[in-house]
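Hi everyone, thanks for coming. Let me put the sequence and the model up on the screen, and then I'll walk you through a few spots.

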Amino acid sequence: MIRKALDLCTDSKLYVAMNLSFACSLRMGEILGLTWDNVHISDEDIAADNAYVYVDKELSRASKRAIEVLGERDIYYIFTPLMANTSTRLILKKPKTESSIRKVWLPKTLAYILRKWKESQEELKDFLGDEYQDFNLVVAQANGRPCEDRIILKEFAKLREEAGLPRVVFHSLRHSSTTYKLKLNHGDLKATQGDTGHAEIDMITSIYAHILDEDRKINAQKFETAFYANPDLRSVRPPAVPEKQEPELDLGDLMDKLQRSPELASALSALISAQTSV
């Protein structure tokens, strides 16, 4: 279903966001707060299977009061609002937990997708000139300004309806990513936790328990095919041993053979005499 959604996706921002969510297990805020200086996709990196993104911030909307509480230590940048009288601001901030700050390696295909996306951004930047507001964001609007989650969610809902996909939310891609990686690495909880940035491994364990249940169901199906698909074992019996039947004596055939073979008649006569004497 994810492959179908990607194949039918025509919005470039959504396409990049979906790939980052599924392949890298990133949260929405982490995707929208990712900057190009934290994307390592050089030829050398890709050739050595060492392309990666470094997650150390997230995009969030916060009230002025929350910004005052957070302080400058956890806020990297406050975006100037389009309307000055709004009570909230878009900010780039430090993730909620230390475990969310992480390095996530990229599949080669995604590395090339990001390179192509960056090239298109550079072309747009050249075309718009001073009209482009460059904040170095990977997922940005056409004018370079930050892309809020509501924009991605709206496009995702539109894609979901057009593709006839189940009514899942965008965050489901991250859950699917966790499940898929656990299947690929045969339940390596620590490696998966390193990608997802979960603070507690229990979050991964609960998902893995679900996968184990699915695998155990498959085991039962395989057992049925390999063993119980044969005829009902309770009705199986060893083949019966046929009763020994005495050969029928054809007197007419015997007389004919005796008449044609004097030697056989003499032998039979001697055998009868010997039996009689006994």
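Quick housekeeping. This is a predicted model, so local features need pLDDT of at least 70 and side-chain atom pairs count only at pLDDT 80 or more, while totals for chains, interfaces and linings use all residues. Residues are numbered from 1 along each chain as its sequence is written, and side-chain values use heavy atoms, with hydrogens and water left out.

Okay, the helix. When I say helix or strand, I mean DSSP runs numbered from the N terminus: H or I with at least four residues for helices, E with at least two for strands. Helix H6 covers residues 108-128, which is 21 residues, and at 1.5 Å a residue it should span 30 Å; its end C-alpha atoms are 30 Å apart, so that agrees. The expected span here is 1.5 Å times one less than the number of residues.

Which residues of H6 are buried? They are Leu110, Ala111, Ile113, Leu114, Trp117 and Gln121. They cover an arc of only 155° around the axis, so they sit on the same side of H6. That arc is taken from the directions from the helix axis to the C-beta atoms. Buried means under 20% relative accessible area, exposed means over 50%, and partly exposed is in between, using a 1.4 Å probe and protein chains only. On the other side of H6, Thr109, Lys116, Glu123, Asp126 and Phe127 are exposed. The cover over the buried residues of H6 includes helix H2 (12-24), strand S1 (39-40) and helix H4 (43-47).

Now the sheet. Two strands pair if DSSP finds at least two bridges between them. Strand S2 (residues 52-55) is joined to S6 by four bridges. Tyr54 has Lys103 as its bridge partner in S6, and Val53 stands opposite Val104.

In a regular strand the side chains alternate between the two faces of the sheet.

Next, two loop residues. Asn38 lies between H3 and S1, and it counts as buried because its relative accessible area is 8%. Asn38 and Tyr54 are 16 residues apart in sequence, but 5.0 Å apart in space, C-alpha to C-alpha. Then there's Ser25, in the loop between H2 and helix H3 (28-32). Ser25 is at 0% relative accessibility, so it counts as buried too. Leaving out residues up to four places away in sequence, Ser25 touches several residues, including Arg102 and Asp195; contact means heavy atoms within 4.5 Å.

What is the volume of the largest one? About 630 Å³. Of the 19 residues that line the largest pocket, the closest to its centre are Ile2, Arg3, Phe22, Ala23 and Tyr180. H8 gives the most to that lining, with five residues. A pocket is an open set of points on a 1 Å grid over the protein atoms alone, with protein on both sides within 12 Å along at least five of seven lines, and lining residues have an atom within 4 Å of a point.

Key. 1 Å grid on protein atoms, 1.4 Å probe; cavity = no way out; pocket = protein on both sides within 12 Å on 5 of 7 lines; lining within 4 Å. Points joined across faces, edges and corners; volume = space filled by probe spheres on them.
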